[in-house]
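Subject: Structure for your review

Hello,

Here is the structure I said I would pass on. My notes on its salt bridges and on one helix pair follow below.

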Amino acid sequence: MKRRDLLGLGLSTATLAACSKAAKIPSTVSNTTPIAAKTSVNSATLRLGFQPPYVAVYALREQKLLEKAFAGKSTNFEFRRLLSLKPVTEAISAGAIDLGLGGTPVAAIASGQPIRIIALVERSPKTHALLVLPNSPIKTIADLKGKKLGNPSGKSYYFAGKVLERAGLKDTDIEWVQIENDAGRAALLSGAIDVWGTWDPFYASAEVAKEVVALVNGEGYQLNYVALFGRIDYIEKNPEAVQKFLEAYKQALTWARENRQAAVNILVKENKLSPEAASLTLSRRNLIFEPPNDEYRQELINQSQLLFRLGLIKQQPNWDNAIDTTLAKTIAAS
């Protein structure tokens, strides 16, 4: 694959995710799954954008937890499977989805996108990695100088930026290639990029196939909290629906922790993974349910400070406005 073609593919998937309702999104990028049938022309809708590895999303459907939580309510549910964080935030800002699930969109919040964080559902630093070919001449972080590093977020990828900074390298010491997760593996194998920054299950799939080795993973560089967040106007207008969704999601997380093999089987089926890749993906994920805490807030401050130093954001977000602890606090304690 030519590098310009790979770049085009990465950009197109991000753009497609935020397209209008009339546009068609390829099934490899997104799918929409109605969970409850309409019972009224005035029935409410809750639309979630999520990324492939979040097994609790699939458990919601398998265990019919949303139907139970919303019993007696006229509410419709839609799931949209997206490849990375940027398409999720773009879809929220465009009004295509209401809630999102993934790493915290620091740059999007700093740019003024109407996003509020409402719960933490993972703390999994080992799921991210910078990957190279097994025979790559790149053996240390210092060897990255002058190389091409591909990832879905470009320079905004906090983990990669932190790795470089700690090694004494500047962001200008490497060439950043913005490329989506579905094209990154091919780009690395073809030599279009030298290093691939990605996360599970993409990382695990390439690792168990013995196509890559991890130059470094996220442990010691980022806490990698996974958050539930949403469009501010939706959260403020539908607090009861959001709270019921959080209750159901907490139950799905509990189910996934207590039924590990069944959770692995779901990942295999829904993401077309090998059992080995699905098991490895789940083993590196620490599933939690908590309101945003002080450790998380400090991590966000650290991320925004780095992005500001790199000139990638013009101002640091007001985290008091961007974080709501009240919705998850009662549910976490129950």
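Arg80 has a relative accessible area of 14%, and because the cut-off for buried is under 20%, Arg80 counts as buried. Please keep in mind that this is a predicted model. The side chain of Arg80 forms a salt bridge with that of Glu78, at 3.6 Å from N to O. Glu78 is partly exposed, with a relative accessibility of 22%.

Side chains of opposite charge can pair when their charged atoms come close. The structure has 18 salt bridges, and a few others are described here.

Which parts of the chain does the pair of Glu236 and Arg116 link? The closest N and O atoms of this salt bridge are 3.1 Å apart. Glu236 sits in helix α9 (residues 232–237) and Arg116 in strand β4 (residues 115–123), so the two partners are 120 residues apart and the pair links distant parts of the chain. Glu236 is exposed, at 52% relative accessibility, whereas Arg116 is buried, with a relative accessible area of 16%.

The salt bridge between the side chains of Glu165 and Lys162 has an N to O distance of 4.0 Å. Both residues belong to helix α6 (residues 158–166), where they are 3 residues apart, about one turn of the helix. Glu165 is partly exposed, with 33% relative accessibility.

Helix α11 covers residues 260–271 and helix α12 residues 275–283; their axes come within 9 Å and cross at roughly 120°. Angles of 65 to 115 degrees count as roughly perpendicular and those over 145 as roughly antiparallel, so α11 and α12 are oblique to each other. Their crossing is right-handed.

On the α11 side, the contact is made by Arg260, Ala263, Val264, Leu267 and Val268. On the α12 side, Pro275, Ala278, Ser279, Thr281, Leu282 and Ser283 take part. Sorted by class, the contact between α11 and α12 consists of 7 nonpolar, 3 polar and 1 charged residues.

Regards

Definitions and conventions. Residues numbered from 1 in each chain as written. Predicted model: local features only at pLDDT ≥ 70, side-chain atom pairs only at ≥ 80, totals over all residues. Heavy atoms only, no water. Axes fitted to C-alpha atoms, helices over the stretch in contact; angles between N-to-C directions. Helix = DSSP H or I, 4+ residues; strand = E, 2+ residues; numbered from the N terminus. Parallel < 35°, antiparallel > 145°, perpendicular 65-115°, else oblique. Left-handed = near helix turned anticlockwise from the far one by under 90°. Contact = heavy atoms within 4.5 Å. Nonpolar A, V, L, I, M, F, W, Y, C, P; charged D, E, K, R; others polar. Buried < 20%, exposed > 50% of the residue type's maximum accessible area, 1.4 Å probe, protein only.
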